[in-house]
Amino acid sequence: MSGKSGFWAIVKRESSRMYSRPLYGLSMVFAPLFCFIFFTTLMKEGLPESLPAGVVDEDNTAVSRSIIRNLDSYQQTEIVRQYSNFAEAREAMQRNEIYGFFYIPKGTQDKASSQEQPKISIYTNATYLIPSSLLYRDMKTMAVMASAAVGREVLTARGANMDQAMGFLQPIKMDLHALGNPWLNYNVYLSNTMLPAVLVLMVLMVTCFSVHCELKDGTAKEWMEMAGDNVLKAVSAKLFPQTVVFSFMALVYIVILYGYLGFPANNGLWPMLLAAQLLILASQGFAVFIASAIPSLRWSLSLCTLWGVLSIPISGFSFPVMGMPEALQALSYLFPLRYYFLIYVDQALNGIPMVYSAWFYTALVAFLILPLVDISLLRKAAHEYTYLP
Amino acid sequence: MWIKDLLDVCGKELRKTVSDVGVLVFFIVVPLLYPLLYAYLYGREVVHEVPVVAVDDCRSTTSREFLRKSDATPDLRIISYCSDMEEARNLLHRHKAYGVIYIPSDLDHTLEEGRQATINLYCDMSGLLYYKAMLSGCTMVSLEMNRNIQMVRLSGMSDREKEVMTMPIENEYVTMFNPTNGFQGFLIPAVLILVLQQTLVLGVAMMAGTEEERRRRGELVLGHEYDNPITVLGGKALAYLLVYGLTASYVLCVVPWLFHMPQLWKLPTLVTFVIPFLLASIFFAISISFFVRDRESCFLLFVFVSVPLIFMSGISWPTSNMPAFWRVFAQIFPSTQGVNGFARINTTGALLQDVRYELIALWIQTAVYFMISLFIYERLYRSDKMPGIEFVLAMRARARRNVRVAVRDIRSDIEEAAERIRGRRKK
């Protein structure tokens, strides 16, 4: 190796290192690809359909049967069984056979026709939040409609037409428009952040691992010499082949999401491609920053891992950042994925002018140049470091 | 004899665990702190006071009442009244607000005519919780206002009559088992179980990686001085079970208690369920730890798995709607059963018979992973990768000889083997 030096020599050296260890292939290609396929196929329905639900019909009359029939016709609800009493339905819920049930007490029809205002109840198992919320929506609509059906009968009997009846039963109606994702598609909602999140996790770990492996294996001196003791050159040349592979993986998920699955990309592909590329570079920059700051493979790798895993909840795509404690809200600024998520919302989901996202792009660039602060420590470590398990 | 070996291995494994900071971090520190971080993160359960903007083209008493009442709900907060949609959109784009309430100019007019009036809501879909907050906030207000409007229209009837007219059948909604219907109550049980399984996998894999490194360097490893791979495997598993008995009682009992989450379990149920879960996880961890070639590669190989695993458990996207392939695939991980069982025992107060399926599956997993790890151990014993190959050959020779003589001979064989290893290392 002594004869060769310079940027491309290090690139070549790193490429053969990557090629010779299956670990790199597993973590740079297999792991992200597995997750890409997993998430996009797992939720391919978009919005869960035919969720198993039950009914306790103690009334067993024309009214209660019509409620059950109508509920079953909703796309998201499937009445799998009728239970004879409340306890039985609750136990079925504890066994996870149903996510919720409708309880129609005895005398519902009699009370309704004698205008005594009966009460029907909706129970859902909120341990499973998504099916519970979706079932609630169907059941609630059904309950209101059942009520309206009775009300309509009374009104039409008094001579009102349909329009007037609805105008009376529900004078003000809500019309809720979901901007950018009108289908309430969970795949759009989750995969758009989950796929880059997995990639970020792998970039952080692989970058930190490969830099520190030079120190652990005692090859760091050779590496520095090849770069003429220029640590910036050494690191950028070493990470270049990884950048190429990870950028290709980013391209893969972008093609899957916006090409194959046709998820909304309202400003076209370029803003997202730019964001994904910057996300890769920002994560590499952040990992180098950590790797230089902490001169222990295990500790710096632990921190990178923690950052990668934590970036999933803290990016705020499932539980909004504004709902978190203030300390964590402040912390969220330190995660590259957070900025990527904000760019995605602006550029892909809402399709607003890029100038609104300028700051988020800039923040990602800032992560890229972050290592300039402490990379000299890495050079020092390369000359003096000894590995401790 | 074997019980002494078992306890011996167990003791050595425990000492090894305590003396390895890397493993201790996985076995103790991560389970200690990580769940607290998550519980803290989701501590507020739901989002309150989602900032929205109002565009009121009607400017009547009714429209103002609607906006005032929306602002007063716990779900929404009106941060600005805009003159037109353009201005409102601008606030959405700058992430100052997450929704728009638009009241058309003909609201009063339509109501006076007795027809149905529409209020338009626009919601930013970057988070489904914004959508949920807007839907529930505005629906609550509209239901209340609708009622009042009807009451006025029905003037002349008695109050009771009016009530019956406006809502012939009442309905009520009960979210069972997770009373605040929030994130903490639904996600934390899954996170807790996953933390247990994944830290076990990482810690065990790190130890295996360290052993593999030492083996490559030609140093001895624990295990070669005992007669039977089963005792080695059993001793290790016992050591992990002892450590994780403590870890699990903290993670599964103390953490939910600290954060005032529902805890409806009965102790015998919980213990009967958690033991097979831990055993399955331990043998699962041992089985896959053989893929690890060095100390730190466990991070790269196993951490990312947590992300799909939490979804495979069906706590988020419902199991009933997963493609069949993933539903079957999920069955090979103890966490799938662990999450489903624990979530129901802890949060819904399910009894053993309610989690029968999960319990049986966990015992099957325990058996299968035990067999797999035993198989690999046996091979490792016989392979020449082990520096103790001379010992294995000696053992085989012993088996061929008379058993009675063997008991006496074995000691000298081991001595001899050890001598040879020492000699080789000197070289």
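What follows sets values from the structure against the definitions of the terms.

This is a predicted model, in which local features need pLDDT of at least 70 and side-chain atom pairs count only at pLDDT 80 or more, while totals for chains, interfaces and linings use all residues. Residues are numbered from 1 along each chain as its sequence is written, and chains are lettered from A and ligands numbered from 1 in the order in which they are written.

Q: Why is H11(A) called roughly antiparallel to H14(A)?
A: Angles over 145 degrees count as roughly antiparallel. Helix H11 (residues 270–293) of chain A and helix H14 (residues 336–349) of chain A pack at about 175°, with axes 10 Å apart, so the term applies.

Q: What makes up the contact of H11(A) with H14(A), by residue class?
A: Contact requires C-beta atoms, placed from the backbone, within 7 Å. Among the residues that meet are Leu279(A) and Phe286(A) in H11(A) and Tyr340(A) and Ile343(A) in H14(A). The contact divides into eleven nonpolar, two polar and no charged residues; Ala, Val, Leu, Ile, Met, Phe, Trp, Tyr, Cys and Pro count as nonpolar, Asp, Glu, Lys and Arg as charged, and the others as polar.

Q: Where is the kink in H9(B) centred?
A: On Tyr244(B), with a bend of about 30°, taken between axes fitted to the seven residues ending there and the seven starting there.

Note on methods:
Helix = DSSP H or I, 4+ residues; strand = E, 2+ residues; numbered from the N terminus. Axes fitted to C-alpha atoms, helices over the stretch in contact; angles between N-to-C directions. Parallel < 35°, antiparallel > 145°, perpendicular 65-115°, else oblique. Contact = placed C-beta atoms within 7 Å.
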